[in-house]
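Biologist: Could you walk me through this one while I have it open?
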Amino acid sequence: MSKQKKKKLEMLSRASGVREKLIVAVDKSNGYTAIIAIPASSLDIIYNKFRWVDHFKDVEGNEKYIQKFLKKWPNNRQFLLFYWVYLKTGYRFWRDLDVLSNNAIEIIVDDDLYKSVKKRYPKVNVLCEGRLSKRDKLDKKRRKFINIADNLANLARRGETIK
């Protein structure tokens with residue numbers, strides 16, 4: 001078993017073994033799909049630790065931002081229970097999301113995947129990224145959280161290695 005696969009299985013096991021409910025974010029960018037998960041009680045911590053993260057569309061050509069993200073990522077990834085980028089939204093993606101959704105209180109999802117995720121997980125509160133308010137405090141925290149997934153998917157699309 002490869003080191004990467006072993007790491008992914010460890011993170012999935014850790015995330016599914018947590019006693020409290022999870023918040024999961026899913027973002028898709030040109031075929032690449034990222035999933036991240038945290039304990040629901042950690043949303044404030046994530047918001048504060050990742051305050052520097054912007055929506056990738058707003059900073060795409062900014063190499064300084066990309067280098068800043070890659071430099072800060074190793075110190076901040078420890079606050080996430082699970083993070084992974086998939087080359088396509090296929091079997092492995094859905095299998096892992098199935099595992100995480102068993103313990104999820106909500107899934108914040110990219111507009112492109114909203115209908116399929118909502119249909120697949122009717123017992124989980126599924127929120128569409130595009131419908132999150134820019135003024136509501138809780139939605140600002142949710143938006144910051146999905147921006148992390150957005151950055152991971154877009155950096156993978158660009159060929160950057162995220163460990």
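**Contacts around N103**

Modeller: Before anything else, please keep in mind that this is a predicted model. Leaving aside residues up to four places away in sequence, N103 touches A15, S16, V18, E20, K21 and L22.

Biologist: Where does N103 lie?

Modeller: N103 sits in the loop that runs between α5, residues 91-101, and β4, residues 104-109.

Biologist: And is N103 buried or exposed?

Modeller: N103 counts as buried, because its relative accessibility is 13% and the cut-off for buried is under 20%.

Biologist: Changing topic, how do α1 and α5 pack?

Modeller: Helix α1, which covers residues 3-16, packs with α5 at an angle of about 30°, and the two axes are 9 Å apart. Since angles under 35 degrees count as roughly parallel, α1 and α5 are therefore roughly parallel to each other.

Biologist: Which residues make the contact?

Modeller: From α1 the contact involves K8, L12, A15 and S16, while α5 contributes R92, R95, D96, V99 and L100. Sorted by class, the contact of α1 with α5 has 4 nonpolar, 1 polar and 4 charged residues.

Biologist: What about the largest nonpolar core?

Modeller: That core has 54 residues, and those with the most contacts inside it are V24, F82 and F145. Its largest share, 7 residues, comes from helix α7, which spans residues 137-157.

Biologist: What does F82 touch?

Modeller: Again not counting residues up to four places away in sequence, F82 touches K8, M11, L12 and A15, along with I35, I36 and A37, and also D96 and L100.

Methods:
Residues are numbered from 1 along each chain as its sequence is written. This is a predicted model: local features need pLDDT of at least 70, side-chain atom pairs count only at pLDDT 80 or more; totals for chains, interfaces and linings use all residues. Side-chain values use heavy atoms; hydrogens and water are left out. Helices (H or I, at least four residues) and strands (E, at least two) are DSSP runs, numbered from the N terminus. Buried means under 20% relative accessible area, exposed over 50%, partly exposed in between (1.4 Å probe, protein chains only). Contact means heavy atoms within 4.5 Å. Axes are lines fitted to C-alpha atoms, for helices over the stretch in contact, and angles run from 0 to 180 degrees between N-to-C directions. Angles under 35 degrees count as roughly parallel, over 145 as roughly antiparallel, 65 to 115 as roughly perpendicular and the rest as oblique. Ala, Val, Leu, Ile, Met, Phe, Trp, Tyr, Cys and Pro count as nonpolar, Asp, Glu, Lys and Arg as charged, and the others, Gly among them, as polar. A nonpolar core is a set of buried Ala, Val, Leu, Ile, Met, Phe, Trp, Tyr and Cys residues joined through side-chain atoms within 4.5 Å.
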